[in-house]
Amino acid sequence: MKALSMADQMFLWLEKRQQPMHVGGLHLYSFPEGAGANYVAELAEQMRSYTIPSPPFNMKLHNRFGQYYWEEDKHFDLEHHFRFEALPTPGRIRELLSLVSVNHSHLMDRARPLWECHLVEGIEGRKFALYTKAHHSMMDGVAAMRIAQRFLSEDPNKRHSPPVWSLPPSVKTRREVDRSDVVSSLLNMAKSAGTQINTIPALIKETVRAINQSQKDPNFVSPFSAPKCILNEEITGSRRFAAQSYDIKRIKAIAKTCNGTLNDVVLAICGSALRNYLISQKALPNKPLIAMVPMSMREDDSDSGNQIAMILANLATHIADPLLRMELIQKSVKESKLRFSQMSMKEAVNYTAMTLAPAGLNLLTGRVPQLQTFNCIISNVPGPKKPLYWNGAKLEGMYPVSIPVDRVALNITLVSYVDHLEFGFTACRRTLPSMQRLIDYIENAIEELEIASGINLYDSSDSVREKR
């Protein structure tokens with residue numbers, strides 16, 4: 001057995017019916033050249049032949065003395081995890097996103113390995129899709145991307161590749177699978193606790209500095225800066241998912257002109273879109289929205305577990321001018337990065353835990369809704385830079401499907417793929433009415449920054465979106 005880390009266990013503690021804690025990915029493929037009408041059905045039969053999963057897909061939860069462990073599932077049932085489905089006619093992207101929305105709303109059975117894979121046929125234009133979801137306690141976004149890249153190939157002629165659950169485990173995973181029994185795990189937890197204590201002086205110093213700065217600078221982000229907003233109402237378990245692609249050259253051109261990073265521009269685009277969406281709902285707060293932005297702290301080549309810290313970014317939604325908004329976002333992000341650059345990894349993770357403690361308390365208990373640390377989640381995961389294939393089928397797009405949480409009803413996650421940024425919007429269906437407007441405002445925000453920066457406009461025609 002292998003003990004889950006404290007961060008991984010947190011995703012299990014946070015889970016409840018209205019707050020499923022799994023992440024997912026939607027891959028859209030085109031048929032290989034010469035593929036027949038029954039291609040996807042034949043592909044499903046091939047996938048079903050892989051009945052022996054590899055780590056971490058063969059591992060289920062075991063609870064002992066209040067500590068969760070991974071142990072091998074000796075009664076693995078592939079039919080529970082793999083589903084072959086068909087879209088209703090006419091098989092548009094709209095129907096595909098609706099199917100993903102429904103599947104992403106369902107909790108997974110903790111008595112089994114915490115993942116599912118859905119193969120979807122019937123998509124217009126000779127396309128098919130794979131929607132895969134896994135509990136966040138199994139892997140973070142970076143780990144999921146590493147598995148996806150081992151699953152795919154740059155060679156369009158490669159065949160006989162296994163499905164994701166039967167990939168040969170990485171060297172790192174093979175070393176980890178059976179290394180921890182109950183006694184050694186408890187000893188490691190005790191050792192880890194001592195390490196955490198050693199970080200306290202640095203955390204106190206940084207906390208005092210942050211308090212002093214928040215008193216001097218009204219735009220400085222503290223754990224209590226987030227305003228009340230309709231994004232932060234109670235959520236249900238029902239999800240709505242939408243996706244769209246944008247040419248990454250447009251984003252990089254804006255970043256170059258504004259002397260910023262691609263992530264700065266992404267936050268500015270999202271800030272503008274959220275500002276206009278909330279204006280349309282007559283619900284824009286006077287104070288700027290605050291985004292929680294995950295930042296990978298992964299220093300190894302593993303593809304399981306979670307190694308992330310978080311920064312809080314000012315989205316400057318109270319500012320109408322797009323360039324002034326960009327300047328404030330850049331300043332906010334630089335301050336957070338500078339803070340973390342002066343810490344060790346353990347100090348950074350513990351500082352994150354401390355600053356997000358009010359949000360965590362509210363997520364666990366729901367008793368203190370006034371403690372709003374952030375309004376939304378915006379995450380950017382680096383992806384493949386070359387076109388990828390699976391058994392000859394070209395990957396046309398890869399869209400992240402993520403986690404809204406109670407009183408944070410919107411999660412925006414992006415993945416870069418070749419020359420595009422793939423946006424995935426996951427939200428509570430009830431809390432965010434007319435979410436398609438938010439998608440429209442993303443394009444408006446890009447054009448707004450292009451005009452303000454003096455960049456020539458051009459259309460981005462190859463997009464995937466939810467249409468209502």
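1. Arg250 and Glu450 are both buried, where buried means under 20% relative accessible area, exposed over 50% and partly exposed in between (1.4 Å probe, protein chains only).

2. Before going on, please keep in mind that this is a predicted model: local features need pLDDT of at least 70 and side-chain atom pairs count only at pLDDT 80 or more, while totals for chains, interfaces and linings use all residues. Residues are numbered from 1 along each chain as its sequence is written, and side-chain values use heavy atoms, with hydrogens and water left out.

3. Arg250 also forms a salt bridge with Glu443, with the closest N and O atoms 3.2 Å apart. Arg250 belongs to helix H9 (residues 248-257) and Glu443 to helix H14 (residues 436-453), so this pair ties together parts that are 193 residues apart in sequence. Glu443 is buried, as is Arg250. Helices (H or I, at least four residues) and strands (E, at least two) are DSSP runs, numbered from the N terminus.

4. How many salt bridges does a search of the whole structure find? The search finds 12. One of them joins Lys386 to Glu154, the closest N and O atoms being 4.0 Å apart. Lys386 is in the loop between strand E11 (376-381) and strand E12 (389-390), and Glu154 is in the loop between helix H5 (141-151) and helix H6 (171-176), so the pair ties together parts 232 residues apart in sequence.

5. Next, have a look at strand E2 (residues 22-30): nine of its nine residues are buried, so E2 is largely enclosed by the rest of the structure. His22, Gly24, Leu26, Leu28 and Ser30 point one way from E2, while Val23, Gly25, His27 and Tyr29 point the other way. In a regular strand the side chains alternate between the two faces of the sheet.

6. Which strands pair with E2? Strand E7 (residues 127-135) pairs with E2 in the antiparallel sense over nine bridges, and two strands count as paired if DSSP finds at least two bridges between them. Gly24 has Lys133 as its bridge partner in E7. Strand E13 (residues 393-401) also runs antiparallel to E2, joined by seven bridges, and there Tyr29 stands opposite Leu395.

Notes: Salt bridge = Lys/Arg side-chain N within 4 Å of Asp/Glu carboxyl O.
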